[in-house]
Amino acid sequence: MATVRIPPVLRPQTGGASEVEAGGSTVGEVLRALAGEHPETEAQLFGGDDDLNRYVNVYLNDEDVRVLDGLDTPVSDGDTVVILPAMAGGS
Amino acid sequence: MATGADTEQVKAPIEEIEPFEASEEIEGGDVVLIDTREPHEYQESHLEGGKLVPPGLLGDEIAAAAPDKSARTILYCRSGSRSTKAAEQMRTLGYEDVASVAGGILAWQEQGLPVVATEGLSPEQRDRYSRHTLLPEVGVEGQLKMLNAKVLLVGAGGLGAPTALYLAAAGIGTLGLVDDDVVDASNLQRQVIHNTERIGVPKTESARLTIEALNPDVDVVEHRTRLDASNILEILEGYDVIVDGADNFPTRYLLNDASVRLRKPVVSASILSFDGQISTFVPFEGPCYRCLYPTPPPAELAPSCSANGVLGVMAGTMGLLQANEVLKLVIGIGESLIGRLLLFEALSTRFTELKVRRDPDCPICGEDAPEIPPGEMGKFPDYELFCAG
């Protein structure tokens, strides 16, 4: 099981949870498991082509999965997957 | 057998004059002014027109400094004792009209008379910044770098306010503020550079007033405007470091593209509800904002503080982390957040660090990235939502 850290903008879709446990052997599987449990996160994370939305960054522990193997990046037990959209705050 | 002359050792005491009397005489002209201290004391500060003749070198050097033995010669030192002894020595050398400043340069300053610093910090600055100059990593040299630095803050709001405050306190010599907004009561929960009396006042003016009262060494340049492709290059050019406290994505991307083009480092942070992010972008040394966020999110994933709220202290927390980054860049010490994205969650008081890498395919700072014309900066050809502006 990996721990998925949920950014503030997505917490309404996870019932307020800032961390969700999800199983999977790759980053893609872990995120699919998350979307399975919290269906409203699916559209935010995945674009029409089953790939991650370009405006969402995902990290395995502290490394952007784009420099690893993207959604195919292997995940080990106890790893952390961080979902991070950009913030601009304002007004 | 002792002669009468040996027993007549009672010399007339050296004439001592008060600092203000000395000042008047000096201003009247025709006075030779001698500083009888050591070089490092002289360098810290001295009287204008004072010629340095350290006590140990008096015999060798006084003739050059004071060629006319009948001229009115006034001596001073730190507190009045070395100058008295030096005056006595000069008298035995045949100088006819010597006097010593009672209480020395200390009394001179106590009486409000001006001194000159040959290099470095004035006496007031040495006092004001003493907690900085005591730090071996900073010292007078580091403080001078801060005083000579020019930092631009994009946004004088949530992030700009605390950052500007602490950079002014630190003695950053020039602070530019870009903001076209006026102070609103709802700002005061976190924008502590403003206050209740400034409601309705332009933010740059309000910030300038606070900064002037805090530190007169700081020159505030108000840019009461919004950055756009037509003005950004001109505005950024005059500054060494940029602080990104913008409240919208288009400005952040525009700022990124312009700062990479001009090779200006940007310290960038953002806050929302209980969360903050910060990183430092130094063009070509590390990633740029677009390497980190190649595409801005759609509106529903990017709420504003006015819609979702923000804990007031988040502005201070992240703003001060920004100020810390600026100071380190200016002084040239420590390790900055280049290639590191620092996340802070206030609810759990937890810091997380993520790695940020340069994207080799980045359209702005990638190896083969073409130089884009100013009109194209900050734009995304394939992103329709941007035209909302």
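In what order do the elements of chain A run from the N terminus on? The order is β-β-α-α-β-β-β, which comes to two helices and five strands. Helices (H or I, at least four residues) and strands (E, at least two) are DSSP runs, numbered from the N terminus. The model is predicted, so local features need pLDDT of at least 70 and side-chain atom pairs count only at pLDDT 80 or more, while totals for chains, interfaces and linings use all residues. Residues are numbered from 1 along each chain as its sequence is written, and chains are lettered from A and ligands numbered from 1 in the order in which they are written.

Chain A has a radius of gyration of 12 Å, close to the 12 Å that the globule rule gives for 91 residues, so chain A is as compact as a globular protein of that length. This radius is taken over C-alpha atoms, and the rule is 2.2 Å times the number of residues to the power 0.38. Along its principal axes, the C-alpha trace of chain A spans about 40 × 25 × 25 Å. Among the elements of chain A, β1(A) has the highest mean pLDDT (96) and α2(A) the lowest (87).

Of the 91 residues in chain A, 37% are buried. A residue is buried if 20 or more other C-beta atoms, placed from the backbone, lie within 10 Å of its own, exposed if 12 or fewer, and partly exposed in between. In helix α1 of chain A (residues 27-37), the buried residues are Val27(A), Gly28(A), Val30(A), Leu31(A) and Leu34(A). Seen down the axis of α1(A), these residues fall within an arc of 165 degrees, so they line one face of the helix; the arc is that of the directions from the helix axis to the C-beta atoms. Their cover includes β1 (2-5), β2 (19-22), α2 (40-45), β3 (56-60) and β5 (80-85) of chain A.

Gly28(A), in helix α1 of chain A, counts as buried because it has 21 C-beta neighbours inside 10 Å. Not counting residues up to four places away in sequence, Gly28(A) touches Leu71(A) and Asp72(A). Two residues are in contact if their C-beta atoms, placed from the backbone, lie within 7 Å. Gly28(A) and Gly70(A) are 42 residues apart in sequence, with 8.0 Å between their C-alpha atoms.

Chain B comes next. Its secondary structure comes to 16 helices and 13 strands. The radius of gyration of chain B is 30 Å, whereas a compact globule of 389 residues would have one near 21 Å. The C-alpha atoms of chain B fill a box of roughly 110 × 50 × 40 Å along the principal axes. An automatic or database domain assignment gives chain B domain 1 (14-119) and domain 2 (128-370). The centres of these domains, taken over C-alpha atoms, are 49 Å apart.

The contact between the chains takes 18 residues from chain A and 28 residues from chain B. On the side of chain A that touches chain B, β4 (63-64) and β5 each supply at least two residues. By class, that side of chain A has ten nonpolar, four polar and four charged residues. Ala, Val, Leu, Ile, Met, Phe, Trp, Tyr, Cys and Pro count as nonpolar, Asp, Glu, Lys and Arg as charged, and the others, Gly among them, as polar.

Definitions and conventions:
pLDDT is the predictor's confidence in each residue, from 0 to 100.
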